[in-house]
Structures are given as C-alpha cells and as structure tokens.
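Look over the sequence and the fold, then read on.

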Amino acid sequence: MPKRAKGRSHPKAPSGPANGKGSASSVGKSPKSMVIRIGGSRVGSSVSQLVKDVRLMMEPDTAVRLKERKSNRLRDYTVMTGPLGVTHLLLFSKSSTGNTNMRLALTPRGPTLNFKVESYSLCRDVEKAQKRPRGGGQDHKTPPLLVMNNFNKSDTDENSKVPKRLENLTTTIFQSLFPPINPQAQPLSSIRRVMLLNREPEAESDDEGSYVLNLRHYAITTRKTGVSKRIRRLDPKEVRNREKHKSAVPNLGKLEDAADYLLDPSAAGYTSASETELDTDAEVEVAGTTTRKVLTKRDMQRMKSGEKVDKKTNAPEVEKRAVKLVELGPRLRLRLIKVEDGLCEGRVMWHDYIHKSEKEVDALDKNWDKKTKEKEERKKLQKQNVERKKQEKAKARAEGKEVEDDDDELDDEDVDMDDEWVSDDEVDEKEDEEEEEGDESMDE
C-alpha cells in the first residue's frame with residue numbers, strides 16, 4: 001500500500017539553523033525599528049496618533065502593535081532589542097511646557113540624535129486637504145525609498161556651527177533606517193513609497209547655523225502615457241482598481257459605434273477631452289513584465305557559436321509611464337538640538353545653543369570618566385555580593401539547613417540602576433542651568 005504524502009498536514013521544517021533562531025547575518029541585514037511613546041497617555045492624543053502614523057510610515061520592519069506603559073523604562077526596551085534584531089529606537093515625548101521631542105537612537109550603544117518637533121501634521125490632516133486621497137493598500141508591505149536633500153554642504157568644515165562630522169553622522173544614521181537598494185536587482189514594482197528628508201537652508205531657518213529637517217511621506221503612482229483616459233477605463237487593471245459602486249463597463253446603448261465613445265468628448269456624459277492629459281511629475285521608461293520565450297538548448301548552442309537567433313520574442317518591451325507622488329503623511333519639521341554619545345545618555349557631542357570652552361569640555365570628560373568608573377565598580381561589587389549569597393545558600397543546603405529562596409538576587413540587567421527615563425522637564429532644567437553657567441563664564 002503506498003504511503004500517504006505528508007505535505008498538506010505535515011508542513012516541512014523551514015530550512016535554516018536549528019531551534020528556530022535565525023542566523024545573525026540574516027537578522028543584521030534588514031534594519032528594524034521601534035517607535036515608542038514615552039509617558040503613556042500623558043503625552044496627549046495628538047502625539048499618540050503621531051506615533052501611530054510614524055509606525056505606519058516605518059513599516060514593514062517595525063513594531064506596529066507595541067504597547068507602552070507609564071512604568072516602562074529604557075531598559076525594558078533595550079533588553080529586547082538584541083533578540084528581536086532592533087537597530088533603531090524612535091522615542092516621542094512631551095514636556096510640561098508643551099514641546100514635543102523626538103530621539104533617534106542606535107542600539108545598543110548609541111549615538112542619539114535629539115530633535116525638537118516644531119510642527120507636525122497627522123495623516124488624517126493631510127488626507128482632508130487632498131481632493132482625492134490615496135489609501136495605503138499594499139504600499140506598506142515594502143520599505144519606502146529614502147531620498148535626502150542638502151544634508152552635506154561643500155562649504156562646511158570642522159569650525160562651522162554645524163561641523164562636517166555632524167553632517168556625516170546624521171546622514172549615516174538616517175541612511176541606516178531602511179535596507180539598501182540594489183538598482184540592478186531591485187524590482188521597480190516593490191518601490192511604492194518615498195520618504196523625503198530635506199534640510200532647510202540657513203536663509204529659510206529661524207536661526208543661522210541651525211540644523212532643521214523637513215520630513216514628507218509620499219506614495220508612488222504610475223500610469224501609461226500616450227493612452228487616452230477613456231481607453232484606460234477599458235483596461236482590466238483599471239477595472240479592478242475602480243470603486244465597487246461605479247460601473248466597470250460603460251453604457252454604449254445609445255451609441256451606434258464604439259468609436260463614438262472613444263473619440264467624442266461629450267459621449268456618455270463624460271467630461272471634456274482635456275481630462276485625458278495627465279498631470280504628471282515625470283516620465284520614465286520601464287521594461288514590460290510580459291512573458292518571454294524560453295530559449296531551448298539548441299538556441300543556446302547557436303548563440304554560443306555566434307549564429308543569429310530570433311530575439312524578438314525574448315527582447316523586453318519598454319514602455320513609458322508617468323510618475324506622480326501622492327502625499328500620505330505625516331509631515332514633520334525637526335530641529336536638531338543635541339547629539340549624545342550613548343543611548344539616550346552619555347557625553348554631549350554637539351549642542352545647538354550651548355557652547356563650552358576647551359577647558360570646560362575637558363572637565364566634563366574627566367567627570368564623565370569618573371562616573372563611569374564608579375558605576376563599573378558598583379556593578380562589580382554587586383555581582384560579588386550576589387555570588388557570595390549564592391555560595392552561602394549552597395553551603396547551608398549542603399549542611400541540611402532550611403534556606404528561604406529570596407528574589408532579591410540581581411541579574412546583569414538589574415545591576416544598572418541609572419538608566420531610567422529622564423523626563424523632558426529635567427532635561428529642560430539641565431539645559432537652562434548649563435546655559436546660565438555658560439553665560440556666567442562668558443561674563444567673567
């Protein structure tokens with residue numbers, strides 16, 4: 001009796017490493033992000049909706065269903081970044097003065113870019129301003145195409161207010177948000193969205209030397225050129241994409257010939273012929289996705305020997321398509337305030353409006369090194385105490401004594417006590433104090 005195939009009820013095991021874990025190389029190829037709302041519901045409904053819109057923009061390699069709590073700390077997220085392969089953290093918060101802030105941090109050790117969100121528009125606001133808004137559909141199944149403008153300037157050096165190293169660092173961090181694109185191997189149908197980052201010139205910004213970015217998010221739509229709108233209505237693809245309540249097939253009952261519908265502008269109650277002209281941004285040539293004839297072994301041998309082979313069936317058809325961008329939202333205007341060396345903590349590498357002299361920078365570096373050494377010593381001492389307690393309990397159990405199992409033992413993650421969230425009010429207070437100290441030193 002033949003054996004029953006187990007393909008339908010017993011699916012094959014995925015090819016890869018054992019115990020269900022992906023290889024490090026496969027995890028590291030595609031960058032992943034987490035968009036986090038700091039403070040839970042305290043940030044307000046607008047910032048909460050902005051976080052949802054940014055998650056939608058960062059799809060598919062982001063945590064869309066992430067739930068935050070007021071009691072969450074930075075360690076709660078950084079502990080999971082390694083197993084999940086998360087490479088970027090986008091942290092949104094709101095201070096008591098009403099300022100909305102965004103931090104873009106690289107895991108696991110930084111650096112961190114601190115932005116002030118000066119203005120933003122949600123996706124629903126962008127849709128209300130459009131006459132024909134476009135739904136997401138299948139666009140968010142592939143990462144967007146990142147386009148950056150005016151990030152690096154030719155006249156910038158290390159002595160400028162925005163030094164050259166800061167421009168290179170910001171460019172590298174934003175470029176690593178999405179996987180790189182190989183133009184030779186990447187199919188054009190997979191590029192459905194564009195994320196545009198434009199750095200404002202100094203003349204347009206409020207302060208000279210400030211670093212201001214404008215973020216826009218668009219969907220890419222393409223249509224065939226040189227084809228009338230009436231003919232496109234008969235295309236099966238256009239029929240499938242049409243709304244359900246509209247008729248897929250035009251009413252030709254009152255016409256004597258189909259040419260009357262295609263040539264007469266006023267036929268069937270449609271608009272004028274000027275509507276057939278496309279309002280496009282650009283035209284590109286795209287290789288058609290038609291089926292091609294597969295060459296046989298004999299044809300392949302002829303090609304190798306130099307004989308002529310009929311390549312008409314194998315030549316790709318090139319067609320012109322009109323490209324148009326439809327904005328999806330959200331819109332963001334970001335001002336870079338501070339760059340930190342670590343993950344939401346560490347030495348300040350650059351600040352927008354607080355400047356230190358070389359002596360003050362050296363003093364801060366020495367103070368930071370001192371705090372780092374003290375922190376390492378505390379970790380080492382606490383680990384020694386944990387090991388000592390474990391040995392005492394093991395010795396007591398060996399002697400037959402009853403030992404209570406305490407849950408006060410510390411793990412590697414529990415040793416670090418200084419990585420809690422720092423509120424925006426505390427940050428504002430620290431910045432004000434530093435600014436006052438800088439003013440006093442300048443007066444002296």
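Val-79 lies in helix H3, residues 74–84. Val-79 is partly exposed, with a relative accessible area of 35%. This is a predicted model, where local features need pLDDT of at least 70, side-chain atom pairs count only at pLDDT 80 or more, and totals for chains, interfaces and linings use all residues. Residues are numbered from 1 along each chain as its sequence is written, and side-chain values use heavy atoms, without hydrogens and water.

**Terms for exposure and elements**
- Buried means under 20% relative accessible area, exposed over 50%, and partly exposed in between (1.4 Å probe, protein chains only).
- Helices (H or I, at least four residues) and strands (E, at least two) are DSSP runs, numbered from the N terminus.

**Around Ser-48**
- Ser-48 is found in helix H2, residues 45–57.
- Ser-48 is buried, at a relative accessible area of 13%.
- The side chain of Ser-48 reaches the backbone oxygen of Gly-44 at 2.8 Å.
- Ser-48 is in contact (heavy atoms within 4.5 Å) with Arg-37 and Val-43, leaving aside neighbours within four places in sequence.

**Nonpolar cores**
- A nonpolar core is a set of buried Ala, Val, Leu, Ile, Met, Phe, Trp, Tyr and Cys residues joined through side-chain atoms within 4.5 Å.
- The largest has 34 residues; Val-54, Leu-90, Phe-92, Leu-113, Phe-115, Phe-174 and Leu-336 touch the most other members.
- H2 gives the most to this core, with five residues.
- Phe-92 touches residues including Val-47, Leu-50, Val-51 and Val-54, not counting residues up to four places away in sequence.

Technical notes
A polar contact is a pair of N or O atoms within 3.5 Å; within protein, one must be able to donate a hydrogen and the other to accept it, and residues adjacent in sequence count only if both atoms are side-chain atoms.
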